[in-house]
Structure formats: C-alpha cells, structure tokens
Amino acid sequence: PQMMKQATISVVICTYNGAKFVAEQLDSVLRQTRPADEIIIQDDGSTDATLTILRDYATRYPAIRLFQNAISMGVNANFYSAMQRAQGDFIALCDQDDLWEADKLERQLAAIGHRLLCGGRSVPFSEDGSFVYQDPRRPNTTALRMMYCAEIAGHTMFFRRQLLDLLPMDCAIFRHNYYDMILSVVAAVYESVVYVDAKLVNQRRYHGASTYSSNADSVPTVGNGLRMIV
C-alpha cells in the first residue's frame, strides 16, 4: 500500500481536431480525486482550434506536457509515440472527447495490485442522436478472447509502464491491429489483467469520432452472429 501511494501516474492523451470537446475531457482529468503526476498530450496536426486550447491549459497547469507532431502519424503511431514519453510508474490512456468519472485513477490504482493492466467499464452517451450501444456483460480477459476481440477499451486502460517493454514492436501484428488490442493481448498472455466492473469513463458517441459506427449490425447478438456466419 505504501508503495502504491508513492507511485506516479502519467495520463496520455492523443489529439486531432478535437477542439469541440477536449476542454471538457481535460477538466475531468484535472478533477481526479487522485491527481495525475503528469499529463502527456500529443497533437497529430490539428487544423482547428485544438492547439490553442491545449496551449492555454498547458500554461495554467504545470503537470501538462504538450507535444506536436511534425507530420501526421495516425492514431496508432501517435499513441505509441506518446506513451514512450510518459515517465510515470503507471500510464492511463485517454481519448480527447470522453468524460472521466472523478475517481477513475484512484479506483484503478487501488485495483491493479501486482498486475500489468487494469481496465474498466465505459458507458457510451450521445448528445446528437448518434447510435449508442453498451454491452452489459463483464468482458472475457483471457488471451484467446483478446486475440479476436478487444474486450478492454483503450480509453479505460491503466497499466504499468513496464508493459511497454514487453510489446514485440517488430511483429507484423502492429501493422494491422490497434494499440489497445496489442496491450490487452500481451498483458493477458502474462495472465496479468484485472477489471474494475464500475463506470470509469463516459464515452461520447457522435458523428465524426474516429471509432464511431452507426451500424447496428455490429452489435454482438446471436442474430448478428448467425448472419455473419451465413
């Protein structure tokens, strides 16, 4: 317990044209009951007012370290690069347009124990009528399951920094799968995943979000499963 109290936490946020919502998300990160020791923000070439907003926050909050990519890297490469900048014992990944529950970091620090990775429940919401679906089931966090279905959302992930050293970066899988799936699979292979079955993140769903899908056929139901097989 004493070691966990002394542990440091880095929050890693990657941004791209997120001016509409990024301030709300930053406010929810800055209001944590267990504050982050540093907040790494790496922008991937925004053309809207995102950087103006981020520079203002960086001026007002010393914990924020702001970086801007010289060329666009894309979601995956941007997150891998930003994660390497983190200096904390633990890293919490953060999307630019969600809202964190105030006790997210505190809950995950208390739950992770000796394990490599901690996930938690993400509850979607919409303010513009966009399609919203929440799977109420507790996720399966075994390595086999993680191989074909990313059960832990990247925007809820809280993990030991040493997990980055275990990633096989020269493997072809990095060219085909997102960072959250890779982190999940590697941690699961070491049987080192824990899940907080409580709402930690409010995931904003809207047209234009990089992961948004309006296709109800993607909902994991028996009917959709049979349709895909047939």
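At 76% relative accessibility, E191 counts as exposed, because that term applies over 50% relative accessible area, whereas buried means under 20% and partly exposed lies in between (1.4 Å probe, protein chains only). E191 is placed in the loop between α8 (179-189) and β8. Helices (H or I, at least four residues) and strands (E, at least two) are DSSP runs, numbered from the N terminus. The phi angle of E191 is near 50 degrees, a positive value in a residue other than glycine.

The model is a predicted one, in which local features need pLDDT of at least 70 and side-chain atom pairs count only at pLDDT 80 or more, while totals for chains, interfaces and linings use all residues. Residues are numbered from 1 along each chain as its sequence is written, and side-chain values use heavy atoms, with hydrogens and water left out.

N17 lies in the loop between β1 and α2 and is partly exposed, with a relative accessible area of 31%.

The sheet may be considered next. Strands of a sheet pair through backbone hydrogen bonds, either parallel or antiparallel. In this model, eight strands form an open sheet with mixed pairing, in the order β3-β2-β1-β4-β7-β6-β8-β5; two strands count as paired if DSSP finds at least two bridges between them. At the edges stand β3 (64-68) and β5, each with a single partner strand, so one side of each is left without a neighbour in the sheet. The partner of β3 is β2, and these two pair in the parallel sense over five bridges. Within this pairing, Q42 stands opposite F67 in β3.

At the other end of the order, two bridges join β5 to β8, and these strands run antiparallel. L99 has N202 in β8 as its bridge partner. Nine bridges join β8 to strand β6 (residues 117-125), and here the strands run parallel; G119 has Y195 in β8 as its bridge partner. Strand β8 (residues 193-204) has 10 of its 12 residues buried, so it is largely enclosed by the rest of the structure.

D197 is placed in strand β8 and, at 43% relative accessibility, counts as partly exposed. D197 touches R121 and R138, not counting residues up to four places away in sequence; contact means heavy atoms within 4.5 Å. D197 and R121 are 76 residues apart in sequence, yet 5.8 Å apart in space, C-alpha to C-alpha. Their side chains make a polar contact (2.7 Å). A polar contact is a pair of N or O atoms within 3.5 Å; within protein, one must be able to donate a hydrogen and the other to accept it, and residues adjacent in sequence count only if both atoms are side-chain atoms.

Helix α2 (residues 22-30) has V22, Q25, L26, S28 and V29 as its buried residues. Seen down the axis of α2, these residues fall within an arc of 160 degrees, so they line one face of the helix; the arc is that of the directions from the helix axis to the C-beta atoms. An α-helix has 3.6 residues a turn, so residues three or four places apart point the same way. The buried residues of α2 pack against β1 (9-15), β2 (38-43), α3 (50-60), β4 (90-94) and β5 (99-100).

S28 lies in this helix, α2, and counts as buried at 2% relative accessibility. S28 touches L99 and W100, not counting residues up to four places away in sequence. A polar atom of the S28 side chain lies 3.1 Å from the backbone nitrogen of W100.
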